[in-house]
Amino acid sequence: MLTSSSPVPRPEIIHPSLWLASQLARGGARGVSSGFEALDAELPERGWPPGVLIELLLPQEGVGELRLLRPVLARAPATARRPPQAGRIALLQAPHQVNAPGWAHMGVEASRLLQLQADHAADACWAAEQVLRADSCQALLMWQPRLRKGDHDLLRRLHVAAQAGQTLFFMLRPLSCAREPSPAPLRLTLKSARDGLEIGFLKRRGPLREQSLFLPLLPSPNLQRHVTPVDRRTPATAAAGSLPSELAG
Amino acid sequence: MVFERDRVSALTAPARALGVHEGMRRGGVQLLAPQAHLNERDILREQTTLQQAALALLQYTPQVTLAEEACILLEVGASLRLFGGIRALCRKIRVTIARMGLSATLSCAVTATGAWLLARYGYVRTLSHRSLQRRLDRLPVVLLTAARAHLEWLHGLGCRQLGQVQRLPRAGLQRRCGKDLLAMLDRAYGAAPEVHDWIVAPPTFQARVELPDRIEHTDILAAYAQGLLAQLAGWLTARQLAIKKLRLWLEHERGRQAVAPTELQVALSVPAWQEDHLHTLVKEKLARSSLPAPAIALGLAADELESQQAASEMLFPEPGGSAEDHQRLLELLVARLGADKVQQAAPRADHRPEVANRWCSVMQSPASLPASLTTDAARLPPRPLWLLAEPLPLRMQQHKPFYRSALEFTSPPERIEAGWWEGRPLTRDYFTARDASHAYYWIFRQWRGGEWSDEEPQWFLHGLFG
C-alpha cells in the first residue's frame, strides 16, 4: 500500500517527465555533461540542459565562470559537418574584448567563436532570440546586466525561444539579480574560492540544496604546462606543484 | 468607388449599403454618398498590377499567363509535390497575393478555362473532371465572354446556366452564335485542347510602386517593399537566379522641395532568393535608416546576381541547422546590429597580445585576410580569455600591484619583447595574478626608464581569466 508521504514511489514510471520534489528531474536525459562528475550528479538531467535558459549569477566578471564552462564549450559535437560549421559559440554582449588566443588555449578554436555586440538591451535580446531560433550555434553566452523593472518579459521570451532549439543558452547576470524572479529552470550562483569555484543552487528541478558545491578549478590548466622557469624557487611553481595531477586536463 | 466612362464600375460594400449600384451616374452617386472617394478607372495601371502579380506568382510555377477579366492562370500540376499539395500551394499563393496588397479569388480545376470561369464566380476548388462538370453546369451564362453578345437571346430561350447551353443542339448554336462560344465551352469542359502563351520573365529586374500617400514610417514602407520583394522572388525563381546585392530607393517629393532619392543597399554574403529572408533583411535595413523626407514612391532593383545553387538536403537532417541557416542568421544580425558588431576571430601569429587578438566582420571572408599562422596554443604560456581594450594602470600597495585587493603572483614571469620592427618596441613581463577573492588576472610590468634604471616599474592589468 502506498503511504501518504509518497503516493507513487516512482512517478517516472507514469511519465518520464514526472518527478517528486525530493528527486532530481531525470526525465529529459538529454543533458550535456558539464565535464565535472560532482556537478553532473547535482544537475537535473545529469548535465547542462540544452534548449533552456540557464542563469549563472556572478559577483563579478572573471570569477571562473568560463573555466566552469570550459569542458562543455571545448567539446565540439561530433557531426559530419565541416569543421568551421561545427560547434559555433556565440558571445553576446561580452563584458570585455574576447581574447581569441586565450580561447584557443582553452580548447575552443578561434573559428568557432562569434562575437556580437548590441547597442541597446532590446537589440541584444533580439539578437539572442534570432540566434536561438536559427539553432545553428552550439552555445550562446549572453551577458545581461541588471534588467529594469518591466523587462522581465524579455527573459520569459528568451526562454521560450530557447526551447525551440538545442542551443545551450547561458545567461550571465550579476549576483544582485538573485532576488528577482526568473523563468529560468536552472539558476546557479558562482563564487570564487581558493583554487576553485563555489556553486550555489538557487533554483533547479529537484530538491533544495542549501550548501554550495565546491569544484576545484584552476584558472588555466596550462599553469602546469608552463615553460619551466629557470628559477624554481618562485612561489608560483610551488602553487602549481601542489595541484592534484588529475585536474590537469 | 471606381468610374468608367462616367458610370460606376466597381464599388465597396459600404457604398452598396447606401444604395449605389453599378452603372449609376456620377451625379446620382454624389447625392447618395457625398463623402465617397471617386476614382477614375485606369486600365493601364490595372494591367501593370496584373503583370506584377503574375511575375510574383512565377515563384510557384513557370507556367503563368494572363486571362481576360483580370485573371491569372497558373499551371500547377508540376508544382503540387514541391509545395506540399494543393491546399498548401493555395495558401502560399494567397499569402503572396496579400503581400502584394491585392485580394484574389482562387479556384482550381482540371481545365484552365474551367478554372477561369469558376474563379470569376467565386472560390471553388474542384480536382476531378466530374465535379468540374457538375460545377460548370450551374454557372450563369454571363460568365462566358463569348456568349455576351447573344445573352438576351439565350435568356429568351430559358438558358441561364452553362449546363442548359451545353444541351442545345451544337449545329444550331454554331450557326446562331458563331464558333467562339462552342470552342470556349469545349475548352472549359475539357473536350478541346487549350493553348496558352506563358509569361516570360524579363531579362532584368526593376520594380517600382507609387505610395498612396507621403509616408515617413519605415514599418509601412517595409510593408510596401514586401510587394516588390514578392515580384523579385518570382523573377529570381523563374530565371533560376540568386541575388547578391539589391538596391532599394525611396523617392521623395518632387518640385520645389525636391530631395534626391534615398538609396539603401542590401548586400548578402551568400546569394539568396527566398522572399522571407530578403524581407527580414530589408525590414531591418529600413528600420535602421532615417528618411530625410517623406517617401512617395519605392523602387527595387537587382544589382548583382548569380545562378542559383541548389541546396543539398541530407537524408538525416542534423539538429544544429544547416550552414545556409547560419549564413542567414549572420546576415540578419548584420542587418540590424551593423557589420562591425558581428565579428569572427581572425587571430594573427604575433607575440603581442593586442596584435594577436584580431577580430573582423563576419561579412569578410577569412580567406581574404592576411594569412594567420597557427601556433600550437597548448605550448604557449597561459593566455587570458578576456583582454582589456586598454591596459589599466595599477597602483602599488606595499610593493604589490593592487586591483580591488593586493594581487598575488601565481606564475613565473613571461617576457614579451617584440614590435621593434614597427618602431614601437615593447618590453613587458606578464604574470598571472590572483586577488583576495580568488579571481585570476593577467598583469604585466613595464619598465619606464629601461630595465636597469632605478625607476620603479609600472604595473598594468591587461586581461582576465574568466
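This note sets out numbered points on the interface between the two chains and on selected side-chain pairs.

1. Basis of the note. The model is a predicted one, in which local features need pLDDT of at least 70 and side-chain atom pairs count only at pLDDT 80 or more, while totals for chains, interfaces and linings use all residues. Residues are numbered from 1 along each chain as its sequence is written, chains are lettered from A and ligands numbered from 1 in the order in which they are written, and side-chain values use heavy atoms, with hydrogens and water left out.

2. Extent of the interface. Chain B brings 50 residues and chain A 59 residues to the contact, where contact means heavy atoms within 4.5 Å. The area buried between the two chains is about 5000 Å², with carbon and sulfur atoms giving 60% of that figure; buried area is the accessible area (1.4 Å probe) that two parts lose on being put together, summed over both. Of the area that chain B buries against chain A, 14% is supplied by B:Trp359, B:Leu385 and B:Trp386, which is more than any other three residues supply.

3. The rule finds two salt bridges between chain B and chain A, a salt bridge being a side-chain nitrogen of Lys or Arg within 4 Å of a carboxyl oxygen of Asp or Glu. B:Lys341 forms a salt bridge with A:Asp119, with the closest N and O atoms 2.6 Å apart.

4. Strand pairing between the chains. Strand 3 of chain A (residues 97-98) pairs with strand 12 of chain B in the antiparallel sense over two bridges, and B:Leu387 in that strand of chain B is the bridge partner of A:Gln97. Strands here are DSSP runs (E, at least two residues) and helices are likewise DSSP runs (H or I, at least four), numbered from the N terminus, and two strands pair if DSSP finds at least two bridges between them.

5. A salt bridge within chain A. Over all chains the count comes to 25 salt bridges, one of which joins A:Glu42 to A:Arg204, with the closest N and O atoms 2.9 Å apart. A:Glu42 lies in helix 1 and A:Arg204 in the loop between strand 8 (196-203) and strand 9 (213-216) of chain A, so the pair ties together parts that are 162 residues apart in sequence. A:Glu42 is buried at 18% relative accessible area, and A:Arg204 is buried at 12%.

6. Salt bridges within chain B. B:Arg434 and B:Glu408 meet through their side chains in a salt bridge (3.2 Å, N to O), which links strand 17 with strand 15 (residues 408-409) of chain B across 26 residues. B:Arg434 is buried at 5% relative accessibility, whereas B:Glu408 is partly exposed at 37%. B:Asp429 forms a salt bridge with B:Arg445 (closest N and O atoms 3.0 Å apart), and both of these residues are buried.

Conventions:
Buried < 20%, exposed > 50% of the residue type's maximum accessible area, 1.4 Å probe, protein only.
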